2 protein chains.
Amino acid sequence: MIQPFDDNYFMKQALNEANLAFNKGEIPIGAVVVHEFRVIARAHNLTETLNDVTAHAEMQAFTAAADFLGGKYLKECTLYVTLEPCVMCAGASYWTQLKKIVFGAKDERPRQEAINKRQLFHPKTEILGNIMEDDCKDLLQIFFEERRK
Amino acid sequence: MIQPFDDNYFMKQALNEANLAFNKGEIPIGAVVVHEFRVIARAHNLTETLNDVTAHAEMQAFTAAADFLGGKYLKECTLYVTLEPCVMCAGASYWTQLKKIVFGAKDERPRQEAINKRQLFHPKTEILGNIMEDDCKDLLQIFFEERRK
């Protein structure tokens, strides 16, 4: 069966957001929140622009999605994000009671690897990783290579 | 030596913020960020008012403090917060590179107890707990008792 709205479709939307971050000189991470096959929130990392280390794509997307739905919880929503969520964003997703998280690249920095992330997410939140992993990872690598020049 | 600006002094400021939350029907948690013995940010839990599970006192205080200082990092700052930070707020404090966290009541909910919080904070962040613990805890208990009625 043709499924136009599969995980790759929504991850591409998150990647579009990551590209917007890239073009602003921000670490290129993007996210969308999907509810009933519809994107209800889009966001990208804005930590430099907003001078705010908490302005991760996921945090903004959660706030925007809750605002859209008019309720605090995102129990029927899926987050698509180009990089595995950090501790802060995992902790935030716990409070939203998010149904599912689909991430692109795995965060392989030693500190991130050392932490048992599963324990930080809500037990009801399903986690699916490595969707369009190479595209998500490549964008980050290009960004950091350019920054080192 | 008389020290007018000790931990209790600043925790009282955080408790004032928690009381503001209480009066709005919010779970009463308050926080202040201190830089060179001066309160540069004050905030209280606003998750209900803002319909946003990420609107914890600490998150708002970090954003406000960074805005005040004009830099993203809070390396010379101390956070005073009436309840031990949750996973999200611990993760946010990591990104701020906060110098020190002083909290009031310990978060004794089973999930919070099960997580090794120390691992989530920045290794350079000093953690000091149980300052004015009874006052901080009493306010929370009164709130939840009233809500159960």
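This is a predicted model: local features need pLDDT of at least 70, side-chain atom pairs count only at pLDDT 80 or more; totals for chains, interfaces and linings use all residues.
Helix H3 of chain A was examined for burial. H3(A) is mostly covered, with 10 of its 10 residues buried. These buried residues are Val87(A), Met88(A), Cys89(A), Ala90(A), Gly91(A), Ala92(A), Ser93(A), Tyr94(A), Trp95(A) and Thr96(A). The cover comes from both chains: from chain A it includes helix H2 (57–69), strand E4 (100–105) and helix H4 (110–114), and from chain B it includes H2, H3 and H4. Just after H3(A), Gln97(A) has a positive phi of about 60°.

When residues up to four places away in sequence are left out, the contacts of Met88(A) within chain A are Val53(A), Thr54(A), His56(A) and Met59(A).

In chain B, Thr96(B) belongs to helix H3 (residues 87–96). Thr96(B) counts as buried because its relative accessibility is 1%. A polar atom of the Thr96(B) side chain lies 3.2 Å from the backbone nitrogen of Leu98(B). Not counting residues up to four places away in sequence, Thr96(B) touches Phe62(B), Tyr73(B), Leu74(B) and Lys75(B) in chain B, and Val53(A) in chain A.

The largest pocket contains about 830 Å³ of space. Its lining is made up of 34 residues, and those nearest the centre are Trp95(A), Ile27(B), Leu83(B), Arg109(B) and Phe144(B). Two or more lining residues each come from helix H3 (87–96) of chain A and from helix H2 (57–69), helix H4 (110–114) and helix H5 (133–148) of chain B. H5(B) gives the most to this lining, with five residues. Trp95(A), which lies among the residues nearest the pocket centre, is also one of the buried residues of H3(A).

The cysteines were then considered. Over all chains, the structure holds zero disulfides. Cys89(A) is in no disulfide, and the nearest cysteine sulfur, that of Cys86(A), is 3.9 Å away.

Phe37(A) has a phi near 60°, a positive value in a residue other than glycine. Phe37(A) is placed in the loop between strand E1 (30–35) and strand E2 (38–44) of chain A. With 52% relative accessibility, Phe37(A) counts as exposed. In chain B, Phe37(B) lies in the loop between strand E1 (30–35) and strand E2 (38–44), and its phi is near 60°, again positive in a residue other than glycine. Phe37(B) counts as exposed as well, at 55% relative accessibility.

Key:
Residues are numbered from 1 along each chain as its sequence is written. Chains are lettered from A and ligands numbered from 1 in the order in which they are written. Side-chain values use heavy atoms; hydrogens and water are left out. A disulfide is a pair of cysteine sulfur atoms within 2.5 Å. Contact means heavy atoms within 4.5 Å. Helices (H or I, at least four residues) and strands (E, at least two) are DSSP runs, numbered from the N terminus. Buried means under 20% relative accessible area, exposed over 50%, partly exposed in between (1.4 Å probe, protein chains only). A polar contact is a pair of N or O atoms within 3.5 Å; within protein, one must be able to donate a hydrogen and the other to accept it, and residues adjacent in sequence count only if both atoms are side-chain atoms. On a 1 Å grid over the protein atoms alone, a cavity is a set of points where a 1.4 Å probe fits but cannot get out, and a pocket is an open set with protein on both sides within 12 Å along at least five of seven lines; lining residues have an atom within 4 Å of a point. Grid points are joined across faces, edges and corners, and a volume is the space filled by probe spheres set on the points.
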